[in-house]
Amino acid sequence: MTSPQKQIFLLGAGELGTAFLPHLSTLPNTHITIGIRSPSKYTHLQSPNISLTAIDLSSPSPDLAQIFSAYDILISATGFGADPSTVLKLAEEALLAGKIRKEQGKDKLWFFPWQWGVDYDIIGDGEGMMPLFGAQRDVRNLLREKAEESNVKWTIVSTGIFMSFLFEQFWGIVDRSKEEEGKVVVRCLRDWDHKVTVTDVSDIGRVLARVIAGGVEAEDCVLYIAGDSVSYGQLANIIKRVSRKQVEQEAWSVDHLKRDLDAAPDDGIKKYRLVFARDGVWWDMDRTVNKALSMDMMDVETFARRLFSG
């Protein structure tokens with residue numbers, strides 16, 4: 001007897017959601033439905049095992065929970081959103097969907113919330129600076145408290161920041177604005193020994209597919225993955241090797257970052273920089289799921305070499 005097809009509901013088709021698709025679509029006996037506001041803009045993503053449906057995440061919770069309850073796995077790749085309450089609202093809807101499934105005699109809903117980032121248990125709201133991060137911590141606490149009674153199992157995948165983000169000009173860590181002069185500026189947050197964990201979005205999708213396939217114990221827990229965990233000093237040395245340019249190093253201490261933010265208290269990037277100068281933004285490679293699964297991942301030097309050779 002053929003087992004019923006596993007139904008995955010993927011919320012969002014941005015950079016992360018799109019990167020998930022090639023890997024999720026390889027899972028056997030699985031159908032993926034992408035929930036997005038305007039399906040007509042994403043018809044290029046359709047395939048025999050990938051379909052699209054319109055969804056408005058601002059809809060009333062009972063309506064969304066009813067939709068979610070039809071799926072076995074709910075994966076959020078929607079991003080933070082502007083309102084911290086949105087991530088908590090989505091978690092509450094997932095819990096309600098689990099209860100609906102229980103009433104229907106169905107298995108638990110497996111929920112992967114938008115937690116594809118740093119360790120929000122440690123960072124919290126960044127001493128009041130980052131309500132979005134505080135909301136992410138609240139999601140974790142809600143799931144720990146309510147998931148079991150709600151017929152929901154959950155998995156949080158901590159990834160660090162996306163690999164590409166580390167090299168974005170606006171982030172200011174790898175500043176290529178002086179390349180025509182033969183120079184690259186590399187800056188550190190806090191000090192040169194402070195570290196950051198980064199993962200390429202495609203690799204996040206690869207690990208996610210292995211987790212869903214049962215490669216590791218993943219029920220009701222936080223998993224850590226990493227393409228690389230590097231100190232800012234190591235990053236500067238990598239840029240020296242791959243760029244073959246003069247590298248100027250500039251330290252952004254915590255005091256410097258605080259003064260910078262005081263001068264522009266509403267600047268979101270400056271808030272992020274200060275938060276990332278604190279703990280909870282990196283972990284050892286030895287504790288990662290990809291290490292346990294012996295998976296090769298994109299590291300910082302490989303990504304940087306491709307970037308500077310482009």
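Colleague: In which strand is the place of threonine 33, and is threonine 33 buried or exposed?
Modeller: In this predicted model, threonine 33 sits in strand 2, residues 30-36. Buried means under 20% relative accessible area. Threonine 33 has 6% relative accessibility, so it counts as buried.

Colleague: Which side chain makes a polar contact with the side chain of threonine 33?
Modeller: Beyond its neighbours within four places in sequence, threonine 33 is in contact with Ile8, Phe9, Leu10, Ser51, Thr53 and Tyr71. A polar contact between side chains, at 3.4 Å, joins threonine 33 to serine 51.

Colleague: Which strands stand at the edges of the open sheet of three strands, each with a single partner?
Modeller: The order in this sheet is 7-10-12, and the pairing is mixed. One side of each edge strand is left without a neighbour in the sheet, because each has a single partner strand; these are strand 7 (161-162) and strand 12 (228-231).

Colleague: What angle does the direction of helix 8 make with that of strand 12?
Modeller: Helix 8, residues 232-243, packs on the sheet and touches strand 10 and strand 12. Its direction and that of strand 12 make an angle of about 95°.

Colleague: Which residues form salt bridges with lysine 108?
Modeller: Lysine 108 is partly exposed, with a relative accessible area of 25%. In another salt bridge, with closest N and O atoms 3.3 Å apart, the partner of lysine 108 is glutamate 219.

Colleague: How many residues apart are glutamate 301 and arginine 241?
Modeller: Their side chains meet in a salt bridge of 2.7 Å, N to O. Glutamate 301 belongs to helix 12 (residues 300-309) and arginine 241 to helix 8, so the pair links distant parts of the chain. The separation is 60 residues.

Technical notes
Residues numbered from 1 in each chain as written. Predicted model: local features only at pLDDT ≥ 70, side-chain atom pairs only at ≥ 80, totals over all residues. Heavy atoms only, no water. Pairing = 2+ DSSP bridges. Helix = DSSP H or I, 4+ residues; strand = E, 2+ residues; numbered from the N terminus. Contact = heavy atoms within 4.5 Å. Axes fitted to C-alpha atoms, helices over the stretch in contact; angles between N-to-C directions. Buried < 20%, exposed > 50% of the residue type's maximum accessible area, 1.4 Å probe, protein only. Polar contact = N/O pair within 3.5 Å; in protein donor to acceptor, adjacent residues only side chain to side chain. Salt bridge = Lys/Arg side-chain N within 4 Å of Asp/Glu carboxyl O.
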